[in-house]
Amino acid sequence: MSSAPAIETSGLVKVFGATRAVDGIDLTVPEAAVYGILGPNGAGKTTFVRMLATLLRPDGGHGTVFGRDIVGDAALVRRQVSLTGQYASIDEDLTGTENLVLLGRLLGHGKTAARRRAGELLDAFGLTAAADRQVKHYSGGMRRRIDIAASIISTPRLLFLDEPTTGLDPRSRNQVWDIVRVIVAQGTTVLLTTQYLDEADHLAGRIAVIDHGTVIAEGTPGELKSSVGAGSVRVRLRRAEQRAQAERVLAAELGTEVHFDADPVALTARIAGGESGRGAAEHASRALARLAQDGITVDDFSLGQPSLDEVFLALTDRKENRA
Amino acid sequence: MTSTSNASSAERADADGDTPVADNLGAVLATGEPPNAPSAWSASVTFAWRAMLKIKHVPEQLFDVTAFPVIMTLMFTYLFGGALAGSPEEYLQYLLPGVLVMSVAMITMYTGVGLNADIQKGVFDRFRTLPIWRPSALVGAVIGDVCRYSLASVVIIVLGLALGYRPGGGVLGVLAGVGLLLVFSFAFSWIWTLLGLLLRSERSVMGVSAMVLFPLSFLSNVFVDPRTMPSWLQGFVDVNPIAHLVAAVRGALSGQWDGSATLWMFVSAGIILAIFGPLTMRRYNRK
């Protein structure tokens with residue numbers, strides 16, 4: 001039983017009226033890691049997760065969670081998973097403590113054990129001061145934290161986090177990321193859906209990119225990036241008036257588009273893929289040498305992999321944006 | 001939407017220096033086997049406790065079980081009393097059990113309205129992924145509502161006593177009568193739970209419920225003796241479960257037990273529960 005992957009789906013389909021929200025997803029998620037599901041709004045991420053969490057019955061294909069069928073063995077699946085939904089899966093009218101005690105009781109803890117557990121979790125999640133306040137008065141970050149706390153009253157083997165940081169400020173987002181890392185370090189598998197590439201990049205060991213209900217790319221963040229292009233070089237000049245000249249040099253040397261950054265002395269050039277057999281760094285150093293030869297002073301430069309944003313746009317807009 | 005004042009007070013709380021420490025977090029993650037899942041009964045009681053907590057935090061929702069019964073009792077006693085029985089005091093002896101049943105029957109529809117509002121929220125997603133007896137969330141909500149019905153019953157009976165109602169059955173008769181009413185209301189509520197799950201908005205649940213409840217409660221023996229009605233209407237009253245309930249409750253309160261009405265009340269409660277309970281669960285599992 002422990003040899004089965006955390007999640008395995010084949011041809012999973014869910015249809016709402018005329019929309020095929022999930023249109024045949026095949027995915028294997030290994031145990032004990034963060035697996036990212038990346039996609040824009042309406043791509044089918046939430047529907048996919050809801051099927052795996054036994055909240056929706058698939059219209060086609062099948063899926064297993066730790067080898068248990070999500071339809072036939074739904075009750076066994078529910079013993080192993082926990083869901084933190086896109087909309088807070090907690091009762092806004094109740095206080096933080098009441099929410100956790102309620103769920104602790106429903107998970108089978110006795111009255112005292114449930115109260116103790118609630119206290120421990122509130123403390124660890126930095127919510128002790130707000131413990132007796134109704135959750136509707138919590139800030140967005142506090143809500144997310146109580147929501148995740150509620151998901152780990154009993155440590156699940158598989159935790160679904162559906163867009164856990166949507167709408168959070170950077171500080172709260174970092175707190176959620178820290179929490180996710182600790183949970184994974186304890187051996188829980190996390191299936192994370194997100195629209196933020198940055199988030200998938202930080203947390204996930206593997207990523208599936210979903211659009212229109214199908215998987216359009218799958219792999220490690222590095223694999224996805226290298227499938228799109230080698231990266232880019234960003235250059236900061238000493239004098240803004242040399243920027244136009246620098247642009248011409250870089251365009252000639254690298255043969256790709258060059259963008260002016262918002263900073264008046266900075267510009268970024270993409271580096272084409274490795275057809276010539278040279279590495280990205282080699283391309284970049286040749287270009288920098290040309291700038292020096294032409295008397296353009298470069299104060300600073302950096303070499304970047306393509307961001308997942310670029311990967312994502314390249315994968316999803318391939319047809320539309322290449323006019 | 002949260003108002004600005006909420007947001008700012010929340011931010012202040014965040015600034016209390018109350019930030020999570022990842023080191024504590026690792027220690028607090030549970031290790032070892034989770035406890036066994038709770039029994040069906042224990043899960044249902046926990047959900048009933050949730051309903052009580054909601055009343056504690058939003059006491060306004062008791063308005064319908066306090067003010068509404070008072071209005072109903074006063075209105076019908078003084079509106080019809082003189083015309084139908086010579087005086088409001090006379091009429092009250094006949095009306096009170098009826099108005100008790102009618103008020104509580106009307107209040108049962110809030111079960112559907114409340115469930116409809118509740119189930120739209122994310123928290124039900126979590127409940128449905130818990131390894132518990134699935135109907136317990138709904139059974140618990142209905143048990144919580146039965147507490148509300150008891151409160152309404154107490155309000156009406158106390159008001160009735162103050163206005164001069166004298167139950168012949170004494171304390172035991174009153175307790176038995178309210179008991180019958182609560183048993184029936186528990187079963188009856190499942191009609192509204194199904195509606196609450198089927199219909200899209202609270203408003204439509206309200207509309208449909210009222211459409212069912214008005215004929216059921218007015219075309220009965222709540223206000224007048226059915227023998228004064230045309231025969232086709234008597235035919236309806238004879239099969240109206242609310243009418244059986246009123247007869248049974250009236251019998252218990254007056255001390256003149258109506259055996260056949262009581263039996264029919266239990267039969268109709270059983271039938272309603274057997275039909276609407278499973279239909280509700282089917283719908284709940286699919287949503």
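This is a predicted model: local features need pLDDT of at least 70, side-chain atom pairs count only at pLDDT 80 or more; totals for chains, interfaces and linings use all residues.
In chain B, residues 24 or more positions apart account for 78% of the contacts with a separation of 6 or more. The secondary structure of chain B comes to twelve helices and zero strands.

In an unreviewed entry, UniProt annotates residues 60-284 of chain B as "domain: ABC transmembrane type-2". Within the model, this stretch is 82% helix and 0% strand, and its end C-alpha atoms are 28 Å apart. The unreviewed UniProt entry also lists "transmembrane region" for residues 62-85, 91-117, 138-165, 171-198, 205-224 and 261-281 of chain B. Two of these spans can be set side by side. Residues 205-224 of chain B are 70% helix and 0% strand, with end C-alpha atoms 29 Å apart. For residues 261-281 of chain B, the end C-alpha atoms likewise lie 29 Å apart, while the span is 100% helix and 0% strand.

Which residues of α4(B) are buried? They are B:Val65, B:Pro69, B:Thr73, B:Phe76 and B:Thr77. The partners of these buried residues are two other helices of chain B, α5 (88-119) and α7 (136-163), against which they pack. Just after α4(B) comes B:Gly86, which takes a positive phi of about 90°.

The α3 helix of chain B can be checked in the same way. Its 18 residues should span 26 Å at 1.5 Å a residue, and the end C-alpha atoms are 26 Å apart, so expectation and model agree. Buried residues in α3(B) are B:Ala43, B:Ser44, B:Thr46, B:Phe47, B:Ala48, B:Arg50 and B:Ala51. What do the buried residues of α3(B) pack against? Here the answer takes in both chains: they pack against α3 (96-106) of chain A together with α7 of chain B.

Helix α7 of chain B holds B:Val154. From B:Val154 to B:Leu198 the separation is 44 residues in sequence, and the two C-alpha atoms are 32 Å apart in space.

The contact between the two chains comes next. On the chain B side, 39 residues are in contact with 52 residues of chain A. The elements of chain B that give two or more residues to this side are α1 (4-14), α2 (22-28), α3 (40-57) and α6 (123-128). Of these, α1(B) provides the largest share, seven residues. By residue type, the side of chain B that touches chain A divides into 20 nonpolar, ten polar and nine charged.

Chain A, for its part, is divided into domain 1 (7-225) and domain 2 (229-305). The C-alpha centres of these two domains of chain A lie 42 Å apart.

Most residues other than glycine have a negative phi. Against that background, A:Ala32 has a positive phi near 60°, and A:Phe66 has a positive phi near 50°. Where are these residues found? A:Ala32 is in the loop between β2 (19-29) and β3 (34-38) of chain A, and A:Phe66 is in the loop between β4 (60-65) and β5 (68-69) of chain A. Their surroundings can be compared by counting neighbours. With 15 other C-beta atoms within 10 Å, A:Ala32 is partly exposed. A:Phe66 has 22 other C-beta atoms within 10 Å and is therefore buried.

Key:
Residues are numbered from 1 along each chain as its sequence is written. Chains are lettered from A and ligands numbered from 1 in the order in which they are written. Two residues are in contact if their C-beta atoms, placed from the backbone, lie within 7 Å. Helices (H or I, at least four residues) and strands (E, at least two) are DSSP runs, numbered from the N terminus. Ala, Val, Leu, Ile, Met, Phe, Trp, Tyr, Cys and Pro count as nonpolar, Asp, Glu, Lys and Arg as charged, and the others, Gly among them, as polar. Domain bounds come from an automatic or database domain assignment. UniProt positions are given in the numbering used here, feature names are shortened, and annotations may be inferred rather than shown by experiment. A residue is buried if 20 or more other C-beta atoms lie within 10 Å of its own, exposed if 12 or fewer, and partly exposed in between; C-beta atoms are placed from the backbone. The expected span of a helix is 1.5 Å times one less than its number of residues.
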